[in-house]
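Me: Hey, I'm new to this one and would like a quick tour. Can you walk me through it?

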Amino acid sequence: MSNKPVHYALDDTLGIIRIDNPPVNALSHPVREGILRALEQARTDNSELLLLLCAGRTFVAGADITEFGKPPLAPSLPDVIAALEGFAKPVAVALHGTALGGGLELAMACHYRAALPDARLGLPEVKLGLLPGAGGTQRLPRLVGPELALEMITGGTPIRAQQALAAGLVDHLLEGELESAAVRWARTLLAQAVPVRPTGERRVPPPAAADFLARHRQQTARKYRGQPAPGYIAELVELALSASLEDGLARERECFLACKASPQSAALRHVFFAERATGKLPDIPADTPLRPVRSAAVIGAGTMGGGIAMCFASAGIPVTLVETSQDYLDNGLEKIRQNYANSVKRGRFTAEAVAGWLDNIRGTLDYGDIADVDLVIEAVFENMAVKQEVFGKLDAHCKPGCILATNTSYLDVNAIAGATGRPADVIGAHFFSPANVMKLLEVVRAEKTADDVVQTFMKLARTIGKIPVAVGVCHGFVGNRMLQAYGRQAQLLLLEGATPTQVDQAMENWGMAMGPLAVGDLAGLDIGYRSRRDQGIESRSVLESALADTLVEMERLGQKSGAGYYRYDPTTRARQADPEVEQLLRETAAQWQVPQREIEDDEIVDRLILALVNEGAAILQEGIAARPSDVDIVYINGYGFPSWRGGPMFYADSLGVDAVVTRLRELRELTGDECWEPAPLLRKLAAEGNGLESLNGRG
């Protein structure tokens, strides 16, 4: 067989077009050309029906990402799709694996669709700040109706084959091996002499509720503030109800090009590539042999330890939970069962899947029971002495070569490794809470951590559903070190005259998932209070923690106590501004002799975000993070930074590094605070006329 990515063969009166473009059958230029060549050949041969399918593990999973940003080459995907839909003979398609983006648009242009039961179908372009550009917004509503079409396109989440069958997106579920099942189905269609059935000629059924589209537009405007693609998607799906396919496609193309040119899409495309780059470590060869991880243990069955155990169990890796008392262990195991049960109720997992995962978890009070595991993650109280004691026990009980990981948020991993006789086996694994939900995992490389341990953990993180970012040792690593600079500015802004509502609203309007003070109330103000005590910082002895410490000592701990920076409705947890806090702010400012003034929202945003940028640049200069895009991934996946702004370092580039340096100097003049001295790396890049992107190593 030739090495062309598309092959055509005639089997009696069945013409078979097979795409074979590993690894995901992306719609590259040679694939698009190959499909048109196959159609041209089939136009004049003895075929009476065509069957389109893909080799390998998946149907077409989307566009060819190597073509991103390059001038388009003819034939375009819309050209190919128009040729399929308008073909004079019936065209059937068999789906397996994933049919995403352009792959699903290709399938919708075919006249009949079948899928293996485990196939997933979706249009995820919105996750890149785009919308389907080859007819997806016009053909999907014609097949499934406007409600499901809007859900799929605006959310970008694929649906399973069974749901696609029920909705009318596919006509048949295949059983058995793909090609043989697809050929049997196609021959059935031949026997039935099915007609050509262009999707574009169908009418879109009206929504069941008359006000559905109006409500969707309102929800979209609120939920996706600052992002153009979801608004365009709503417009286009509504247009499909009344316009011809040709008019809908023309408007779709206009909207697609507008999205492609938008800063939001540029940011989201940056994030797409940045997530894939985190596993590439400049100083560790990609082919470094990995240590096997067939079993794991977690020390501590609290909220964090239980969540980590769920990650391994759900990935099919047996895990043992170790606790100091039976009560603690029983409580931890029960909490895991409750978490899984809640996921089943929400329809996230099946009861059968959860039962299998629970079988992967067992508990013990005896370190001797984990002597043969391949990996241990310690998740005990954030205290150096406690963690060093645990690692001393692990050193005594675990087999040689076992990876010993600490889930610390701030502490020195080198000091923890020093409690063992095998520091090369020790690594930091900073999970984010709740660990079974949050995607980010900071993989902390200590001074003596072996390369194969780092590489093993980076690969393992993907196995358990995490996005790993390798970081170095410093207080707070990347995320929490930057968070301290961010939180410090929030506190200073309050003392200088802003209110909690103003600070949070400014940041939420800018795009943060939650403002810093609302986040503090949600997490519990006592957590930071205890952390400061552990570090030897006495109550109210530091300006930037004086207010927060006072609130804790007033037993205002946040949402869990009904009051923190805000008061909370006991039923709905809705937050309300509290005059008592605003009075306390004025008193604290007077006590510290901080003059108060009117503060604009723009200053709030600049101080909070540029504090992240400046600290991030210092982290890069110190080598704590490998590349600016890694810093972006940490902040997007761990701290609610809006992905459509690309992360703090990408955002700095969008402003221009020279403009960032100028603004930092203005803030230093305004506040008299030396924290605004621009990081040397920013000054260097500004002088050279370069951006932070130049350090990402992506060309």
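Predicted model: local features only at pLDDT ≥ 70, side-chain atom pairs only at ≥ 80, totals over all residues.

Me: OK, sheet first. How many strands are in it, and in what order?

Reply: The open sheet has 6 strands, in the order β1-β2-β3-β4-β6-β9, with mixed pairing. Strands here are DSSP runs of E with at least two residues, helices are runs of H or I with at least four residues, and both are numbered from the N terminus. Two strands pair if DSSP finds at least two bridges between them.

Me: Which strands stand at the edges?

Reply: β1 (6-11) and β9 (172-173) do; each has a single partner strand, so one side of each is left without a neighbour in the sheet.

Me: How does β1 pair with β2?

Reply: They're antiparallel, over 6 bridges, with β2 covering residues 14-19. A9 stands opposite I16 in β2.

Me: And which way do β2 and β3 run, parallel or antiparallel?

Reply: Parallel, joined by 6 bridges. I17 has L52 of β3 as its bridge partner.

Me: Is β3 buried or exposed?

Reply: Buried means under 20% relative accessible area, exposed means over 50%, and partly exposed is in between (1.4 Å probe, protein chains only). For β3 (residues 49-54), 6 of the 6 residues are buried, so the strand is largely enclosed by the rest of the structure. Both of its faces are covered: L49, L51 and L53 are buried on one side, and L50, L52 and C54 on the other.

Me: What's in the loop between β1 and β2?

Reply: T13 lies there. T13 is buried, with a relative accessible area of 18%. Leaving aside neighbours within four places in sequence, T13 is in contact (heavy atoms within 4.5 Å) with N46, S47, E48, L49 and L190.

Me: Which residues of α10 are buried?

Reply: L245, G248, E252, C255, F256 and C259 are. Seen down the axis of α10, these buried residues fall within an arc of 105 degrees, so they line one face of the helix. The arc is that of the directions from the helix axis to the C-beta atoms. On the other side of α10, E246 and D247 are exposed.

Me: What covers the buried residues of α10?

Reply: The cover includes α2 (77-85), α4 (136-144), α9 (228-240) and α11 (263-277).

Me: Now rings. How many aromatic pairs are there?

Reply: A search of the whole structure finds 8. Rings of Phe, Tyr and Trp (its six-membered ring) pair if their centres lie within 6.5 Å; planes under 30 degrees apart count as stacked, over 60 as edge-to-face and the rest as tilted.

Me: How do F272 and F273 sit, stacked or edge-to-face?

Reply: Their ring centres are 5.3 Å apart and their planes are at 90 degrees, so the pair is edge-to-face. F272 counts as buried at 18% relative accessibility, while F273 counts as partly exposed at 26%. Y635 and Y639 form a stacked pair, 4.4 Å centre to centre with 15 degrees between the planes.

Me: Which charge lies over the face of F272?

Reply: R276, at 3.7 Å from the ring centre. The rule is NZ of Lys or CZ of Arg within 6 Å of the ring centre and within 35 degrees of the ring normal. The charged end of R575 also sits over a ring, that of Y566, 5.1 Å from its centre.

Me: Last one: what does L517 touch?

Reply: Not counting residues up to four places away in sequence, L517 touches A490, Q491, L494, P500, V503, D504, Y565 and Y566. L517 is in helix α20 (residues 516-523) and counts as buried at 2% relative accessibility.

Conventions. Residues numbered from 1 in each chain as written. Heavy atoms only, no water.
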